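Me: Could you go through this model with me? I'd like to start with how it was made and then take a few elements in turn.
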Amino acid sequence: MGQCQCGNSAESKEKYFAPLMKILEGYEKKEKDLIPVLQKAQDEYGYLPQDVIKEIANQLNLSFSQVYGVVTFYSQFHLEPRGENIIRVCMGTACHVRGAGEVLDKITEELGVDDGETTEDLKFTLESVACIGACGLAPVIMINDDTHGRLGADDIPEILAQYKE
Amino acid sequence: MGESIYRSHVLICGGTGCVSSGCKEAQDALVKELKKHDLATEVKLVETGCHGFCEKGPIMIFYPEGVFYCQVTPEDMEELVEEHILKGRIVQRLLYKEPTTKENIPSYKEIDFYKKQQRLSLANCGHIDAESIDEYIAEGGYEALGKALTEMTPQEVIEEVKESGLRGRGGGGFPTGLKWQFAHDTEGDKKYIICNADEGDPGAFMDRSLLEGDPHAIIEGMAIGAYAIGADEGYVYVRAEYPLAIKRLQNAIDQAKEYGLLGDNLFGSDFSFKLQIKAGAGAFVCGEETALMASIEGKRGMPRPRPPFPAQKGLWGKPSNINNVESLANIPLIIREGASRFNSVGTEGSKGTKVFALTGKINNTGLAEVPMGITMREIIYDIGGGISGGKEFKAVQIGGPSGGCLPENLLDLPVDYDSLIEAGAMMGSGGLVVMDEETCMVDVARFFLNFTKSESCGKCTPCREGTKRMLEILNRITSGEGRDGDIEQLERLAENIKSTSLCGLGQTAPNPVLSTLKYFRHEYEAHIHEQKCPAGACDDLLNGYVVDEDACIGCTLCAKACPVDAIEGAPKQAHIIDLDECISCGACEPKCPVDAISQA
């Protein structure tokens, strides 16, 4: 995993990196641009494949290890492919005292994956996150950009069904 | 501005809380209804920022009457248009009902949740269209910036802020004016001003609401700060988890540029200021100022020792000043109306107001801005409407992972920076999580330690290893394997971590444990010595429930409540719980009218 999937010809490499080059055009390619570039690259590729990280290091004139260090420091960056739908279960204080644990357990049970894992069909990635700031609606989950609040474990199957097709 | 005159305005809350309660769908339905009745040119819809009363979302306020409708659905729109707008009759069933008196309250100013609030920094939130610079200007926006640039010297601006008594709203409580003075006094060809919008405390969302509801106030506050310290460039560091806040702020920055309120030679002066957003990438420690600057520079967000303080050596080694969102939101008011407008509110050492995020086991969750010095009891019972589900209050957690839990007997404590520290908690960013009798305080401490352990950046040993060891002990205690000496061990570790950690994250990480040990030590002892969780929350310590046969009156209510039929007994005879069957769900206990059921 993490290798460029396109064979090794110069032409296919160029094609693979084309979106990245486009992203880099908007920046001065200095160290300060690293995090925004990684964010945009991840939006484009869905995660941060090794080849992409190497190319970014190259382009920004940083060492691979430095870039890797940044990627692994921030929880938002991912080295593995991600599901089509990202489920974020809020584990903030308010959600915790209002039963977020049960909600997470139910999702784990329904999808057959643990916290931090992706389903085999690449449909869902499940993550528990610290507060997403919608404490008034606790317990809360976010699926992609949709917030679902005031949940009980029983609400989960129906919500997941909306994203399954 | 060439717009038609509307006879009514409908304010629709577009904060994150209401969006997820379905305000968009309601808004679409309302647009359709208005069109149907040919009212689109007579009634104007305004999407505002957060009203704070997230519990009752989606919220709509109909002006000029100022009628507050809550929990509206798309299906209600037909009736609202036909009754309220066409016939001028209030739709009673959609009004807020006061939980105690059951009375319908039409005007939001009369609702208890708002009555005790004093909205200074939140004045515009929920009141203006957050995406319109014109509405911000109409409310006096950018007047303060104009005043500062044309009538005041930087030093006069700093004096005014000092005079106001404003202290940092991000948690530390350092006087903002003094901070500006330091940055001002440092010589430098280039300086930066930074807004810390990396609101990471679980249970706090006031910064998010301000950015979503009144983004121009932050821009104006930053521009004034930049002028005061001599900076010409600024960054707003926003959590990546707040996409709507980033969108609204970017929109506001673009508008301000277009209006010449950001850029070169503002208000015809020599002062130029440019501002940009940096989105965080998910690391709680980046809320610490030196870590935040490292993150802006494109590095791992790790703190470094201070001194040198950011005012001497900050971003890229240049003098820098970092303020929290809520602190900056107060600046335009202080400059526009003078320090006395602000320092006439509050207590001796803590001036002005503070926004609290009320969450947890409370009836009215939401955001409330109150004068400093108000008591916790007023916040929880008068504004928050008391404990939900008719349960007993146990504790309130304030200040997030750096803060502490306060028990019932401290509810009458006036809330300000100093009294909270004295009580073993801290203001933090202002998250208030209310806990009831069913919340286990050891579990709460474990929850926060788990949080700080995972968010520790790993740079210094006391925080990296110490929080891990504390968590191990807490895990042991909550799973029923606590040992003699665990409490003392926790206390020793806590003191060491506090005094030797590099940054605020580690220095405050033990607070949740220390404050729960201070006020709820008996719960720790019950877990360790009696293998019992008094709150009935720690699964591993639940051994089922028993009935006191002498007290039981045989009413059968418990047996009816049991989901697994583990309770036997004929009517009017003592009941017995079969401990082999009992799943310790606790459903029977509250049903018993004579309190005859307890944990085994």
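Predicted model: local features only at pLDDT ≥ 70, side-chain atom pairs only at ≥ 80, totals over all residues.

Me: Which residues of helix α8 of chain B are buried?
Reply: In α8(B), residues 176–185, they are B:Thr176, B:Gly177, B:Trp180, B:Gln181 and B:Ala183, where buried means under 20% relative accessible area with a 1.4 Å probe, protein chains only. They lie on the same side of α8(B), because they cover an arc of only 170 degrees around the axis, taken from the directions from the helix axis to the C-beta atoms.

Me: And what do they pack against?
Reply: The buried residues of α8(B) pack against α7 (154–164), α10 (215–229), β10 (320–324) and α13 (325–337) of chain B, contact meaning heavy atoms within 4.5 Å. Helices (H or I, at least four residues) and strands (E, at least two) are DSSP runs, numbered from the N terminus.

Me: Switching to strand β11 of chain B, how many of its residues are buried?
Reply: Eight of the eight residues of β11(B), 353–360, are buried, so this strand is largely enclosed by the rest of the structure.

Me: Which strands does β11(B) pair with?
Reply: β11(B) runs antiparallel to β12(B), residues 366–371, with six bridges joining them, and it pairs with β15(B), residues 431–436, in the parallel sense over four bridges; pairing requires that DSSP finds at least two bridges. B:Val355 has B:Glu369 as its bridge partner in β12(B), whereas B:Leu358 stands opposite B:Leu432 in β15(B).

How values were computed
Residues numbered from 1 in each chain as written. Chains lettered and ligands numbered in written order. Heavy atoms only, no water. Buried < 20%, exposed > 50% of the residue type's maximum accessible area, 1.4 Å probe, protein only.
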